[in-house]
Amino acid sequence: MKLIKTLAPAALLAAAPSLGMAQEAAAPDINPYIFTTLLFLVGGFLVFWMAAGFAMLEAGLVRSKNVTMQLTKNIALFSIAAIMYWLVGFGIMYPADWLIEGWLGPFFAVTSLEPVGLAAEDAALDYASAGSDFFFQLMFCATTASIVSGTLAERIKLWPFLIFVVVLTGFIYPIEASWQWGGGWLSEAGFSDFAGSTLVHAAGGFAALAGAIVLGPRIGKYKDGKTVPMPGSNLALATLGTFILWLGWFGFNGGSQLAMGTVGDVTDVSRIFANTNMAAAAGAVAALLLTQVMYGKPDLTMTLNGALAGLVSITAEPLAPSLFGALLTGGVGGVIVVLTVPMLDKLKIDDVVGAIPVHLIAGIWGTLAVAFYTGNWGAQIMGIIAIGAFVFITSLVVWIILKAVMGIRVDEEAEINGLDMSELGMEAYPEFSKG
Amino acid sequence: MKLIKTLAPAALLAAAPSLGMAQEAAAPDINPYIFTTLLFLVGGFLVFWMAAGFAMLEAGLVRSKNVTMQLTKNIALFSIAAIMYWLVGFGIMYPADWLIEGWLGPFFAVTSLEPVGLAAEDAALDYASAGSDFFFQLMFCATTASIVSGTLAERIKLWPFLIFVVVLTGFIYPIEASWQWGGGWLSEAGFSDFAGSTLVHAAGGFAALAGAIVLGPRIGKYKDGKTVPMPGSNLALATLGTFILWLGWFGFNGGSQLAMGTVGDVTDVSRIFANTNMAAAAGAVAALLLTQVMYGKPDLTMTLNGALAGLVSITAEPLAPSLFGALLTGGVGGVIVVLTVPMLDKLKIDDVVGAIPVHLIAGIWGTLAVAFYTGNWGAQIMGIIAIGAFVFITSLVVWIILKAVMGIRVDEEAEINGLDMSELGMEAYPEFSKG
Amino acid sequence: MKLIKTLAPAALLAAAPSLGMAQEAAAPDINPYIFTTLLFLVGGFLVFWMAAGFAMLEAGLVRSKNVTMQLTKNIALFSIAAIMYWLVGFGIMYPADWLIEGWLGPFFAVTSLEPVGLAAEDAALDYASAGSDFFFQLMFCATTASIVSGTLAERIKLWPFLIFVVVLTGFIYPIEASWQWGGGWLSEAGFSDFAGSTLVHAAGGFAALAGAIVLGPRIGKYKDGKTVPMPGSNLALATLGTFILWLGWFGFNGGSQLAMGTVGDVTDVSRIFANTNMAAAAGAVAALLLTQVMYGKPDLTMTLNGALAGLVSITAEPLAPSLFGALLTGGVGGVIVVLTVPMLDKLKIDDVVGAIPVHLIAGIWGTLAVAFYTGNWGAQIMGIIAIGAFVFITSLVVWIILKAVMGIRVDEEAEINGLDMSELGMEAYPEFSKG
């Protein structure tokens with residue numbers, strides 16, 4: 001009974017006959033604003049947590065001589081993303097005025113949140129606090145960069161990588177994301193990507209693919225037509241990273257409902273949680289079974305990547321499918337990973353942690369699968385091609401420039417000795433002798 | 001001011017004189033629905049996180065030659081639980097129509113969540129979204145399976161274990177849980193188990209005990225009447241796992257309030273959080289002090305298990321006790337662990353991580369302790385016996401069948417060399433040489 | 001429309017003409033109570049999670065021969081804090097009646113939460129549940145103790161350390177915190193410390209500093225005027241710990257808004273989340289760049305500590321700054337760490353994990369920086385001096401007494417062999433041979 005607390009009874013009674021015309025005199029319902037803001041905050045901290053997941057996954061899947069470097073890259077890339085997205089990214093992604101209508105947002109809009117307390121006056125009818133929205137969206141930008149670091153591990157120099165992150169998080173990601181989530185041309189064209197199978201995951205994968213091509217494979221990875229296994233140094237960390245990512249994904253997909261203040265919205269968030277979990281489980285089981293069938297032994301890293309591929313696959317449409325639909329979508333994701341990891345190796349594209357199969361290929365699958373629900377195959381294909389082409393080409397250009405200007409690869413001796421000692425002078429596990 | 005926003009003023013005024021008869025004309029208060037759904041979602045992701053906790057705890061407490069296997073089991077069992085609980089478990093546990101009234105739910109009720117948007121029309125008077133409830137309950141089913149994997153580590157084959165998980169999560173757990181939480185015969189009989197000291201933890205412990213008996217101890221564990229210590233390979237991981245479980249338990253117990261939309265409910269959730277924390281702290285301190293007294297040195301793994309036993313102990317009744325009551329309940333749990341771990345070894349029941357003392361014995365203690373508040377000792381004892389007998393016997397039968405049909409134990413050479421290389425061909429820490 | 005659901009229509013109609021005088025007859029708005037309670041619960045479990053962060057950070061930064069001890073200390077100190085804060089701390093910190101007005105709360109007020117259900121009757125107009133508030137505040141007390149354990153690692157005995165924790169969490173922290181947050185003399189004097197840059201972090205740092213002075217440096221740390229590096233054994237764990245702390249800090253600072261039931265409050269919480277993240281990112285980037293410039297190589301542990309120093313710096317005022325202000329505040333924090341770590345070594349104060357630069361020095365910086373917004377430099381300086389002097393002197397006295405009565409340092413042989421084997425008889429990584 002908010003009415004009684006916030007309006008004098010006389011005013012209430014006086015207002016009654018003309019309620020229709022005097023809606024602004026009544027206290028608005030503030031709860032939807034609070035609920036949706038809360039969704040952004042909880043969803044945002046869960047997606048933040050994915051940064052730790054990527055760090056652990058990648059630290060576990062590289063060899064111990066490169067672990068310190070991989071950790072350094074991960075904490076640095078998140079921090080850079082946080083700064084660049086504030087400085088230019090958010091302004092580009094959600095343009096008040098476009099530089100080129102629907103295609104390119106403004107470069108000069110440093111994000112500033114409203115001063116304290118001001119919001120209390122006027123914001124009641126808005127749908128959520130701008131700060132919570134910024135916090136949430138920032139995490140997606142950082143995720144895109146996290147995807148790249150795994151693929152290029154064990155041979156790329158720190159600073160060129162971080163300069164690439166500056167460009168990716170400040171410009172490349174915000175521009176392509178503005179096409180859809182900023183209300184740009186792709187959203188007009190009927191493309192659908194609920195939480196970012198393509199906008200975030202495939203985009204990160206395309207940037208990684210461009211880098212892997214320019215950078216080349218690790219020394220000794222492909223020898224006499226064979227792929228030499230280079231097993232990760234710590235599968236417990238890799239598993240921990242996968243569980244962290246799985247947890248964070250509830251925020252990633254659930255928060256992308258972008259509203260929690262109505263029965264319909266919170267019910268949809270719930271359905272998204274259940275579907276997201278189902279897709280991950282199905283991806284893991286699919287990869288476990290398929291590696292058993294194909295190789296006679298189940299493969300833990302494939303199973304972990306299967307779970308992640310299930311998550312990426314459901315990300316483009318976590319709401320429409322039934323639980324059975326989520327199981328199918330995620331299961332196919334798990335199968336994709338098992339089948340495409342060896343294909344990449346045949347192409348001599350060296351992806352240390354399997355990020356391209358997981359994020360790029362399963363991301364494309366998930367985005368295409370949306371058309372089972374919308375029927376609009378053309379728009380889905382167009383979106384994937386447009387974003388893929390833009391991210392791949394711009395990334396390729398940046399990588400080529402970086403290679404020409406400063407070099408992006410450590411020298412042979414440094415690579416063989418490990419980046420930790422040669423580049424950083426610091427081992428991750430200085431007391432554990434190498435086998 | 002929801003009323004004014006959702007009803008035309010004329011309708012409002014017209015309805016006023018007949019409010020009693022026209023309740024359906026007024027907009028219902030949707031906030032309790034949203035709050036309770038949110039409780040399930042946040043509680044659910046916290047309990048999900050416990051799956052990571054079990055994985056880390058167990059990976060830290062096995063020897064390094066079995067770590068990859070333990071990780072594989074943990075991610076696989078969670079994924080299987082997610083699928084089985086959807087396919088049959090949830091339908092058995094919360095029967096619309098019982099096969100046998102109060103005892104056995106239907107096997108054919110695949111869970112389907114309501115289609116998107118539909119809920120928005122009618123659900124306002126329900127208490128929470130079905131999807132959030134399913135998501136939350138699923139995590140308890142998975143927890144039950146997690147408990148089993150630790151006890152049987154370092155010697156059981158992967159696939160028989162996973163087949164057992166299929167049966168446990170699809171049938172055994174849902175059936176016994178339906179007796180209480182599905183409104184079955186035990187709930188009618190006055191048994192009380194708030195968040196599952198018996199329904200989840202002791203049940204998992206009974207399934208593990210049956211497995212340990214059928215499987216036998218690890219080679220060399222009991223030699224010439226002595227217990228040979230086989231120390232865990234990574235106590236940092238084990239400690240991390242314990243902290244993760246502690247965190248997740250706030251969702252486990254707090255979420256089991258099953259409502260957050262009233263002052264009373266959210267106040268109770270708060271009390272549950274405070275008591276849960278106190279019981280864990282008391283269990284840890286009790287084990288720390290007791291090992292100091294008994295052995296002259298405090299024991300970290302006992303302290304970790306003491307915290308977990310404190311958590312299990314308070315789970316049957318986290319609401320009624322005062323903070324001092326929670327301290328006593330949890331402290332006794334910690335003492336139980338220190339005293340019963342050696343007893344199990346005397347019986348030559350080889351429980352690698354101490355899951356039986358922590359989950360089964362402390363679970364029984366916690367369930368009995370409820371009677372200090374309800375006075376109904378008989379119902380508590382009956383519930384423990386009924387669930388214990390059902391889970392133990394059905395599990396024993398399944399383990400015996402699995403042993404007869406496909407064998408459940410790796411061969412001697414594989415066990416000595418470690419399951420990682422012999423069963424999976426993949427080491428968890430390939431570069432860290434063994435001491 | 002709660003009114004209709006909870007009052008008979010007749011009562012409603014009867015009450016209608018006198019609504020103004022009969023406000024107590026109307027159902028109060030319960031949503032702010034629920035929202036704020038929820039803020040405490042979510043904020044509280046996030047700050048709880050910081051205990052795991054400290055454990056991982058410290059376990060990663062000590063040498064492997066001391067890891068079990070460091071883990072034991074961390075889980076024990078949290079558990080002790082939970083018990084002491086209940087037994088005396090909370091009562092001292094939030095006095096109903098002061099022993100010495102504004103300076104010293106009562107020692108006899110064991111915390112008891114209201115019995116179940118009672119709250120439902122009367123609490124509706126209160127602002128949040130007492131249990132949630134206790135749960136939240138407890139976590140800050142435990143954090144203070146966590147800070148101390150890192151500095152004193154690798155040479156302090158377990159039990160004297162834990163006795164110090166008893167005094168710190170039961171008395172020293174609650175007394176100084178009561179001066180500000182309990183409504184004592186400092187809050188009257190205009191001092192401002194939003195979430196505890198000084199009350200928690202610098203206080204923990206002062207207690208650690210006193211301990212480091214009494215305890216002395218590790219054997220071999222300072223030799224012939226040089227500082228001998230003793231690198232941490234597991235930088236993956238240290239990085240994980242940093243990410244955990246970063247995540248937990250959203251609860252630490254965001255929860256300290258202490259209210260979420262209005263548009264203004266939840267908007268402020270959002271702004272705090274965004275600023276907290278920015279300060280951490282800026283601290284990390286500042287340390288990364290500065291170590292590159294100063295040493296020619298970026299330093300991962302400095303970067304991790306830079307992020308933490310950024311977090312500590314923004315904690316005293318996470319709400320007033322713009323994002324740019326947060327970037328500056330946090331960036332200066334990162335610079336402080338890089339510059340002060342070598343200074344401490346020059347003073348031969350051996351701080352194993354860098355807790356004094358991170359928590360004490362950056363904490364002072366953050367507290368001073370509040371004056372840029374309040375203008376009241378005098379109050380900030382006075383608060384820092386008062387709390388610093390009180391915590392440092394009382395801690396020093398306790399450490400000196402402990403040293404005299406029971407000794408606080410392990411003997412030389414035990415220190416060289418490592419505390420794990422000599423004090424606990426248990427290695428953290430028994431199978432990984434030492435380099």
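What follows treats the interface and then the salt bridges.

This is a predicted model, in which local features need pLDDT of at least 70 and side-chain atom pairs count only at pLDDT 80 or more, while totals for chains, interfaces and linings use all residues. Residues are numbered from 1 along each chain as its sequence is written, chains are lettered from A and ligands numbered from 1 in the order in which they are written, and side-chain values use heavy atoms, with hydrogens and water left out.

Chain C places 70 residues in contact (heavy atoms within 4.5 Å) with 72 residues of chain B. The two chains bury about 5,700 Å² between them, 78% of it on carbon and sulfur atoms; buried area is the accessible area (1.4 Å probe) that two parts lose on being put together, summed over both. Across this interface of chain C and chain B, zero salt bridges are found, a salt bridge being a side-chain nitrogen of Lys or Arg within 4 Å of a carboxyl oxygen of Asp or Glu.

| Pair | N to O distance |
|---|---|
| E154(C) and R218(C) | 2.3 Å |
| R218(C) and D350(C) | 2.8 Å |
| E415(C) and R409(C) | 2.8 Å |

Both E154(C) and R218(C) are buried, where buried means under 20% relative accessible area, exposed over 50%, and partly exposed in between (1.4 Å probe, protein chains only). D350(C) counts as buried at 1% relative accessibility, as does E415(C) at 5%, whereas R409(C) is partly exposed at 26%.
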